[in-house]
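Hi there,

Here is the structure I promised to pass on.

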Amino acid sequence: MADFSSKVVYQIYPKSFMDSNGDGLGDLRGIIRKLDYLRDLGVDYLWLTPVFVSPQNDNGYDVADYCSIDPRFGTMEDMEELIREGEKRGLGLMLDMVFNHTSTEHEWFQKALAGDEKYQNYYIFKEGTPDKLPTNWQSKFGGPAWEYVPSLGKWYLHLFDVTQADLNWDNPEVRDELKKVIFFWKDKGVKGFRFDVVNLISKPAVFEDDYEGDGRRFYSDGPHVHEYLKELTRDTGIEDMITVGEMSSTTLDNCIRYSAPQEKEMSMCFSFHHLKVDYKDGDKWRLMEPDRMALKKLFEKWQTGMQEGHGWNALFWCNHDQPRVVSRLGDESKYWKESAEMLAASIHLMRGTPYIYQGEEIGMTNAHYTSISQYRDVESLNYYKILLDQGKTEEEALAVLAARSRDNSRTPMQWSGEENAGFSEGRPWLEVTSNYKEINAQAQTEDGESVYSFYKRLVSLRKEKNVISKGSIEFLEKENEDVLAYRRAYEDEELIVLNNLTGKEVTVPAESAWAGYHKLLGNYDGGAEIKEGITLRPFETIALEK
Ligand code: GLC
């Protein structure tokens, strides 16, 4: 397995990145136009969320054909050009493999529906009657995880939307079909893969009701998942390519196994526990102030745990499923720039491979929508109804969506202060966030002090300093809920990273050795004054180098 410690990945949500033909949807030619911008940022890989043929009920995560490009995004020639043009600029393409489920419009599912037993065995069908669900499991998008097909007298499992049917990985034919997909894209010159909810692929032998939860404990990190991933990696020869698994409700022990090099499963894992510290009682749809102590403990657990087990973390705050971090953990009104930069440094200087989600590098914020008609996401629309059914008023339900909706991160990329933020000449499929005149890429690339320039520096520091890419990590100030602090060490190099997570001044005691250290990076002017303590200004980040 190769080493990706000095690499940085940039995630593109094609639908919202750049529209080249004025239809209001981003497309592959739009991405090609922006490759120089991405090269200048200094990133190594571009992960594209799905652009395959799809009815788009879940924005492409409902794939109807893994080896064709959805005409909404362009053509296969456009994809080939994107791969070539990326390569010229040192940018490797990573594609999103949605292998836990297919769209119900996929040919396999259509054949299954038509009665073909071979294809029914590609999915998880259970005989039954319409009055009795096979289990009480819940879909991740709300409602039951089973759908009845009257013509077959069978139920099928869908852990996500009803149009996303779970594949049966216990069937070797399914595994072989999916390997062919990898070969197809590998031959096209793709450099890596992201595997969607890949720790959910192995379902239990017996399906039973869950009296404690929604069923996830039976299929998350399921019985044969490690075996299947080893087989997939081995048989497709992707050991040395960059691969990242999205791990839903996973455990540290499993992530060590998914990502430790000797296991030859994946090069790294996305885990999400640190993004649930503002879920009340673990429920995404109940709001709570972020629990900073819990956040710190989770970073410590996952950073040091993965280090001890030789596992590897993907480092991230943002993606197309998460609200914008500056709105969530920062202060977008009073300390927008400071908090965006502190949050960036706090994870980019950790042990792992950082991911930047489009627009994060310019400090894009949540959408601040005020009407349900502005939302497009299937999960948000489902939960809006569920929240109303639970007795919330429209205003209350909208307040929850404004904080939690996945559309917060899916608004069009803010390229400039021009109409539609320079994203499209047509009407964008999802409304642009209204602050694009102040927050946009054009303004920031021209400004050496911008959030963009700060990200660019973080990317280049990872390539210059072994202590950042290869160093060990140890946490400091563990009892102080306001400051996330850690020490990185590599041979005789050392880095101390202090992040003030709050909008107030905080003083931390300094070790005497630090007096001789110099400030490598910070989001405020001037050196760090180190006496007995260091006073950190609101959302200040400081990296001190030995
Ligand atoms: C992952 C994707 C998300 C999608 C889901 C189902 O969590 O990131 O966008 O809805 O899988 O494929």
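Glutamate 231 is buried, and arginine 175 is buried as well, where buried stands for under 20% relative accessible area, exposed for over 50%, and partly exposed for what lies in between (1.4 Å probe, protein chains only). These two residues form a salt bridge, with their closest N and O atoms 3.0 Å apart; by salt bridge I mean a side-chain nitrogen of Lys or Arg within 4 Å of a carboxyl oxygen of Asp or Glu. Because glutamate 231 sits in helix α8 (residues 225-236) and arginine 175 in helix α6 (residues 172-187), the pair ties together parts that are 56 residues apart in sequence. Helices here are DSSP runs of H or I with at least four residues, strands are runs of E with at least two, and both are numbered from the N terminus.

Glutamate 231 also forms a salt bridge with lysine 179, and here the closest N and O atoms are 2.8 Å apart. Lysine 179 is in helix α6 and glutamate 231 in helix α8, so this pair ties together parts that are 52 residues apart in sequence. Lysine 179 is buried, like glutamate 231.

Before I go on, a word on where this comes from: it is a predicted model, in which local features need pLDDT of at least 70 and side-chain atom pairs count only at pLDDT 80 or more, while totals for chains, interfaces and linings use all residues. Residues are numbered from 1 along each chain as its sequence is written, and side-chain values use heavy atoms, leaving out hydrogens and water.

Back to the charges. Arginine 234 and aspartate 235 meet through their side chains in a salt bridge (2.9 Å, N to O). Arginine 234 counts as exposed because its relative accessible area is 54%, whereas aspartate 235, at 32%, counts as partly exposed. There is also a network of salt bridges that links Asp58, Lys284, Asp321, Asp377, Glu379, Arg406 and Arg410. The structure holds 48 salt bridges.

Two backbone angles may interest you. Most residues other than glycine have a negative phi. Valine 197, although not a glycine, has a positive phi of about 25°. This valine 197 lies in the loop between β11 (192-195) and α7 (216-219), and it counts as buried because its relative accessibility is 5%. Histidine 310 is not a glycine either, and its phi is positive at about 65°. Its place is the loop between α10 (292-308) and β16 (314-315); at 53% relative accessibility, histidine 310 counts as exposed.

Aspartate 525 is found in the loop between β22 (518-522) and β23 (533-536), and it counts as exposed at 65% relative accessibility.

Finally, the overall picture. The protein chain has 17 helices and 24 strands. Its radius of gyration is 23 Å, close to the 24 Å that the globule rule gives for 546 residues, so the chain is as compact as a globular protein of that length; the radius is taken over C-alpha atoms, and the rule is 2.2 Å times the number of residues to the power 0.38. Along the principal axes, the C-alpha atoms fill a box of roughly 75 × 55 × 50 Å. Buried residues make up 62% of the 546 residues.

Best wishes
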